[in-house]
Amino acid sequence: SERRRMQMARDDNILAEDVALERSLRGGLGYNAASADFEAVPIIDLGGGASDAELTEQLWQAATSVGFFTLTNHGIPAAEVEAMFGAAKAYFAQDRATKEEA
């Protein structure tokens, strides 16, 4: 619907502002995940039998090449995950000045 399209556009604008803010806060670290080429958000399965070394490598690759990832089988209850996403959404809905204070 038109309302949903407008909400998605607003969310994209908020995300773009937050990426720019994050880059400015990182300073000269040379990290630029937003320029990475990827087709999907990496999914890392913590319960899939991978060794600690394999998980570490997967996390490192996802964090340094894409900038984010999804963890599965982490043992955190769904209600807590939903609460965290709600808090993140509320934070990112704030104006830039308020976020910079945090």
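**A walk through the chain**

The protein chain holds four helices and two strands. The model is predicted. Read from the N terminus, the elements run α-β-α-β-α-α. The chain has 102 residues, and 9% of them count as buried. Its accessible surface comes to about 7,900 Å². Carbon and sulfur atoms own 56% of that surface. Now take the contacts in the chain with a separation of 6 or more. Residues 24 or more positions apart account for 68% of these.

Start with the surface. Leu 46, Phe 69 and Leu 71 make a nonpolar patch there. The patch covers about 210 Å². Where does Leu 46 sit? Its place is the loop between strand E1, residues 43–45, and helix H2, residues 52–65. Leu 46 has a relative accessible area of 34%. That value makes Leu 46 partly exposed, because partly exposed covers the range between buried, under 20%, and exposed, over 50%. A patch residue needs over 30% relative accessible area, and Leu 46 has 34%.

Move on to Asn 73. This residue lies in the loop between strand E2, residues 70–72, and helix H3, residues 78–92. Its phi is positive, at about 55°, although Asn 73 is not a glycine. Is Asn 73 buried or exposed? With a relative accessible area of 55%, Asn 73 is exposed. The cut-off for exposed is over 50%.

Next come the aromatic rings. The structure holds one aromatic pair. Tyr 91 and Phe 92 form this pair, with ring centres 5.0 Å apart. Their planes stand at 75°, so the pair is edge-to-face. The reasoning rests on one cut-off: planes over 60 degrees apart count as edge-to-face. Both residues have some open surface. Tyr 91 is partly exposed at 27% relative accessibility. Phe 92 is partly exposed too, at 34%.

Finish in helix H4, which spans residues 96–101. How many salt bridges does a search of the whole structure find? The search finds one. The side chains of Arg 96 and Glu 100 meet in it, at 3.2 Å from N to O. Arg 96 is partly exposed, with a relative accessible area of 38%. Glu 100 is also partly exposed, at 48%.

Definitions and conventions. Residues are numbered from 1 along each chain as its sequence is written. This is a predicted model: local features need pLDDT of at least 70, side-chain atom pairs count only at pLDDT 80 or more; totals for chains, interfaces and linings use all residues. Side-chain values use heavy atoms; hydrogens and water are left out. Patches are made of residues with over 30% relative accessible area and no salt bridge: like charges are joined within 9 Å, nonpolar side chains (Val, Leu, Ile, Met, Phe, Trp, Tyr) within 5 Å. Accessible areas come from the Shrake-Rupley method with a 1.4 Å probe; for residues, only the protein chains shown count as cover. A salt bridge is a side-chain nitrogen of Lys or Arg within 4 Å of a carboxyl oxygen of Asp or Glu. Buried means under 20% relative accessible area, exposed over 50%, partly exposed in between (1.4 Å probe, protein chains only). Rings of Phe, Tyr and Trp (its six-membered ring) pair if their centres lie within 6.5 Å; planes under 30 degrees apart count as stacked, over 60 as edge-to-face and the rest as tilted. Contact means heavy atoms within 4.5 Å.
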